[in-house]
Amino acid sequence: MCRHLAYLGPPRAVSAVLTDGSHSLYRQSWAPDDMRGGGTINADGFGVAWWPGNGVGAVGYRNAAPIWSDPAVGGVLAQVSSSGVVGAVRSATDGMPITTEACAPFTHGPWAFSHNGRIDDWPDSVAALAEWLPAVELLRMPALTDSALLWTLVHRRLAASSPGDALRQVVGSVLEAAPGSRLNLLLSDGAGIWATAVDHALSVRVDDRHVIVASEPVDDEDGWVEVPDLHSVEAWPGHLQITEIPGSRPGED
Ligand code: GLN
């Protein structure tokens, strides 16, 4: 299963956010510690998004090749810095396309989004969910993957809901339709980070100047908090709120 992270704080080289730390996202691409639900390495591509400022939204760079094979990581991405970065390395779920378009983060306007996990019984389980979306929105899905559908659902909710509510609502509907799903969602607008932990690892570290939310801690420094299952996170420098996601998986007490 994929690994992802989001950083907010003083501007850093985009590549440094991916590669710094004894257990960086870069390293997690071939040596993750806590993969659950299958998959051993994250070699089906990677992506990174950042915010150039001056009102420009999130911009991104993605590649369907393994992160360790891409010279941009030590090259051009070392020359770009930002106060916000979202990164993801991918282990494609069986049967899903291995293409650049299928790599997270997905970006639109100010938003960058990533999903770590899978929708159970894809795509049959979510036929009902997809019916809620006008066909034209399905045509706008960046790829024919569960993660792209989740992004389409989340993006639609963002028009009417806060980012945290949008994530929790989508998790609630998808768990109802496909109870065994693993739904670690990660969303940022460059000023805040919102995330969910649903049957996958997630940790967060916050101080007054920085925040980092990551599938696995990127170093062994103090301060990492493990996010409990079925909880959501809202974080920015100096702020951390961990909230239980209402309801539980159908069939559970
Ligand atoms: N199911 C998603 C995909 O195939 C995410 C994969 C993952 O978390 N390993 O892109």
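1. Two terms come first. Contact means heavy atoms within 4.5 Å. Axes are lines fitted to C-alpha atoms, for helices over the stretch in contact, and angles run from 0 to 180 degrees between N-to-C directions. Helices (H or I, at least four residues) and strands (E, at least two) are DSSP runs, numbered from the N terminus. With these in hand, look at helix α5: α5 lies across β5, β6 and β7 (182–188), and runs at about 135° to β6. Helix α6 packs on the sheet as well, where α6 touches β6, β7, β8 (193–197), β12 (231–236) and β13. The direction of α6 makes about 160° with that of β7.

2. A word on the source. This is a predicted model, in which local features need pLDDT of at least 70 and side-chain atom pairs count only at pLDDT 80 or more, while totals for chains, interfaces and linings use all residues. Residues are numbered from 1 along each chain as its sequence is written, and side-chain values use heavy atoms, with hydrogens and water left out.

3. Now the sheet under those helices. Its six strands run in the order β5-β6-β7-β8-β12-β13. The sheet is open, and its pairing is antiparallel. Two strands pair if DSSP finds at least two bridges between them. Which strands stand at the edges? They are β5 (106–108) and β13 (239–244); each has a single partner strand, so one side of each is left without a neighbour in the sheet. Neighbouring strands of this sheet are turned by 15° against each other on average, direction ignored. In general, strands of a sheet pair through backbone hydrogen bonds, either parallel or antiparallel.

4. Strands β5 and β6 (residues 111–118) pair in the antiparallel sense over three bridges. Phe106 has Phe113 in β6 as its bridge partner.

5. Next, the two helices against each other. The axes of α5 and α6 come within 9 Å and cross at roughly 135°. Angles under 35 degrees count as roughly parallel, over 145 as roughly antiparallel, 65 to 115 as roughly perpendicular and the rest as oblique. The helices α5 and α6 are therefore oblique to each other. On the α5 side, Leu150, Leu153, Val154, Arg157 and Leu158 take part. They meet residues of α6, among them Pro163, Ala166, Leu167 and Val170.

6. Val174 deserves a look. Val174 sits in helix α6. Is Val174 buried or exposed? Val174 is buried, with a relative accessible area of 1% (buried means under 20% relative accessible area, exposed over 50%, partly exposed in between, with a 1.4 Å probe and protein chains only). Leaving aside neighbours within four places in sequence, Val174 is in contact with Ile119, Leu129, Leu150, Leu153, Pro179, Ser181 and Leu183. Val174 and Ser125 are 49 residues apart in sequence, yet 8.7 Å apart in space, C-alpha to C-alpha.

7. Strand β2 (residues 46–50) is mostly covered, with five of its five residues buried. Phe46, Val48 and Trp50 point one way from β2. Gly47 and Ala49 point the other way. What are the partners of β2? Strand β3 (residues 59–63) pairs with β2 in the antiparallel sense over five bridges, and Val48 stands opposite Tyr61 in β3. Strand β4 (residues 81–89) also pairs with β2 in the antiparallel sense over five bridges. There, Gly47 stands opposite Ala88 in β4.

8. Last, the charged pairs. How many salt bridges does the structure hold? There are seven (a salt bridge is a side-chain nitrogen of Lys or Arg within 4 Å of a carboxyl oxygen of Asp or Glu). One joins Arg3 to Glu216, with the closest N and O atoms 2.6 Å apart. This pair links distant parts of the chain, 213 residues apart: Arg3 is in strand β1 (residues 3–13), and Glu216 is in the loop between β10 (211–214) and β11 (225–226). Arg3 counts as buried at 0% relative accessibility, and Glu216 counts as buried at 3%.

9. Two further salt bridges involve helices. Glu137 and Arg156 meet at 2.9 Å, N to O. Glu137 is in helix α4 (residues 135–139) and Arg156 in helix α5 (residues 146–158), 19 residues apart. Glu137 counts as buried at 18%, whereas Arg156 is partly exposed at 38%. Arg168 pairs with Asp165, again in a salt bridge, with the closest N and O atoms 2.9 Å apart. Both lie in helix α6 (residues 163–177), three residues apart, about one turn of the helix.
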